[in-house]
Amino acid sequence: MATADKISESYSTISNSNDFLINGRLQIVFDMETSDPDDFITLLFLLGHPMVHLKAVTIVPGTPDQIGFLRYVLDRFNRSDLSLGVFNMNAKPALSKFHLKIYENTSIKESTEALDGSNVLLKHCDEKTILICGGPLKNVAKAIQTGQFKLGRLVAQGGFAGDNIVPEEKRLSKFNGRITCPTFNLGADIKAAKIVLDYNGIKEKFFVSKNVCHGILYTKDTHKQLEKIKDKSQSLQEIYHVMSICFKKPGKNGKAFHDPLTACCAIDLSIGQWKDVQLYMDEKTKEWGSIISENPNIKIIVDYDHEKFLSTLFAYV
Ligand SMILES: [Ca+2]
């Protein structure tokens, strides 16, 4: 286990984002799922953020209910031009019911109008692009397996940094004493996760992991803050609408915001504090952990700046 000294010395310096800017906008591709609606909220966010040019979206697994829903939303934002890729259209329906409450009086048809996700990633990712992953890493692993995939920066939600990485004062009490932990996005497709972690054609990999994102809630206070500015953009309006529906559920006072934090970190890495690590899976328990690495291209989040996160989340022109 690392000593306290080693822990505090090991903060990572972060590179800047100028490489990813074209005409003042970061070139971004989003790979998403649709079980918990926080990926969908992240999509709404990316469609309207003033620093973002969203180039393409890929879906896990990418079933007709998901495609139809996302096509409807892209139309609302006049972005039907945007490439939509899928991993497996024949998987079992994967759009969680919450999504259908969002545009209640609209009939949204299923669709099969989508491309292969790995081809979409191959076409739209390059050394000047940031790929944000909100789900299991199936699409990106498939793209890597072609041998042709190049990417400047991956920012993925998932992974875990335990007590050997995170200083005591920054630990969430629920994870105290842990070195490894199950993590859905890596554990749901272990083979895909290992392919992504081992691949050298991605220059930088950032993992926004549960040791930080489980400390983040969008609360009713956050909602009040958004209410004041929601009419500044379609994205903010729609996020406000989704969260209003979310808070209709009796007793609901907060919503986990894992993927929105991940996307905000992709836009402004200085929201997070990072450590250089290797991510690994304990073969016995199938839990994931991190070890400090001298020569990595992987960084994991150990703390974040809440005010910076909110100002990025609520940015408008
Ligand atoms: Ca997700």
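Predicted model: local features only at pLDDT ≥ 70, side-chain atom pairs only at ≥ 80, totals over all residues.
Guide: Two residues are in contact here if their C-beta atoms, placed from the backbone, lie within 7 Å.

Visitor: Which residues of α10 meet which residues of α11?

Guide: On the α10 side they are His-223, Leu-226, Glu-227 and Ile-229. On the α11 side they are Leu-236, Ile-239, Tyr-240 and Met-243.

Visitor: At what angle do α10 and α11 pack, and how far apart are their axes?

Guide: The angle is about 145 degrees, and the axes are 10 Å apart. The crossing of α10 and α11 is left-handed.

Visitor: Is Glu-227 buried, exposed or partly exposed?

Guide: Count the C-beta atoms around the residue: 20 or more within 10 Å make it buried, 12 or fewer make it exposed, and anything in between is partly exposed. Glu-227 in α10 has 13 other C-beta atoms within 10 Å, so it is partly exposed. Gln-145, in helix α6, is also partly exposed because it too has 13 such atoms within 10 Å.

Visitor: How can the length of a helix such as α11 be checked?

Guide: Compare the expected span with the distance between the ends. Helix α11 runs over residues 234-246, which is 13 residues, so at 1.5 Å a residue it should span 18 Å. Its end C-alpha atoms are 18 Å apart, which agrees.

Visitor: Which residues of α11 are buried?

Guide: They are Ser-235, Leu-236, Glu-238, Ile-239, Val-242 and Met-243. Looking down the axis of α11, these buried residues fall within an arc of 165 degrees, so they line one face of the helix.

Visitor: Why do residues three or four places apart point the same way?

Guide: An α-helix has 3.6 residues a turn, so residues at that spacing end up pointing the same way.

Visitor: What do the buried residues of α11 pack against?

Guide: Their partners are α2 (38-48), α4 (98-102), β10 (217-219), α10 (220-229) and β11 (254-256).

Visitor: How should I read the two sides of α8?

Guide: Start with the buried side. In α8, residues 190-198, the buried residues are Ala-192, Ala-193, Val-196 and Leu-197. Seen down the axis of α8, they lie within an arc of 130 degrees, so they line one face of the helix. The face turned away from that side carries the exposed residues Lys-191 and Asp-198. The buried residues of α8 pack against elements including α6 (138-145) and β12 (272-281).

Visitor: Which residues touch the most other members of the largest nonpolar core?

Guide: The general idea is that nonpolar side chains tend to be buried together in soluble globular proteins. The largest core here has 87 residues, and Ile-28 and Cys-265 touch the most other members. Helix α2 gives the most to this core, with seven residues. Beyond its neighbours within four places in sequence, Ile-28 has contacts that include Leu-46, Val-52, Ile-130 and Ala-266.

Visitor: Where does Phe-45 lie?

Guide: Phe-45 lies in helix α2, and it is buried, because 25 other C-beta atoms lie within 10 Å of it. Leaving aside neighbours within four places in sequence, Phe-45 is in contact with Ser-235, Ile-239, Pro-260, Ala-263 and Leu-313.

Visitor: How do α2 and α12 pack?

Guide: Helix α12 covers residues 258-267, and α2 packs with it at an angle of about 35 degrees, with the axes 7 Å apart. The crossing of α2 and α12 is right-handed. Among the residues that meet are Phe-45 and Leu-46 in α2, and Pro-260 and Ala-263 in α12.

Visitor: Which residue has a positive phi of about 50 degrees although it is not a glycine?

Guide: That residue is Asn-23, in the loop between β1 (21-22) and β2 (25-32). With 6 C-beta neighbours inside 10 Å, Asn-23 counts as exposed. Asn-78 has a positive phi as well, about 55 degrees, and lies in the loop between α3 and β4 (83-86).

Visitor: What kind of peptide bond joins Val-60 and Pro-61?

Guide: The bond is cis, with omega about -15 degrees. Pro-61 is found in the loop between β3 (52-59) and α3 (64-76).

Technical notes. Residues numbered from 1 in each chain as written. Helix = DSSP H or I, 4+ residues; strand = E, 2+ residues; numbered from the N terminus. Arc of directions from axis to C-beta. Expected span 1.5 Å × (residues − 1). Core = buried A, V, L, I, M, F, W, Y, C linked by C-beta atoms within 7 Å. Axes fitted to C-alpha atoms, helices over the stretch in contact; angles between N-to-C directions. Left-handed = near helix turned anticlockwise from the far one by under 90°.
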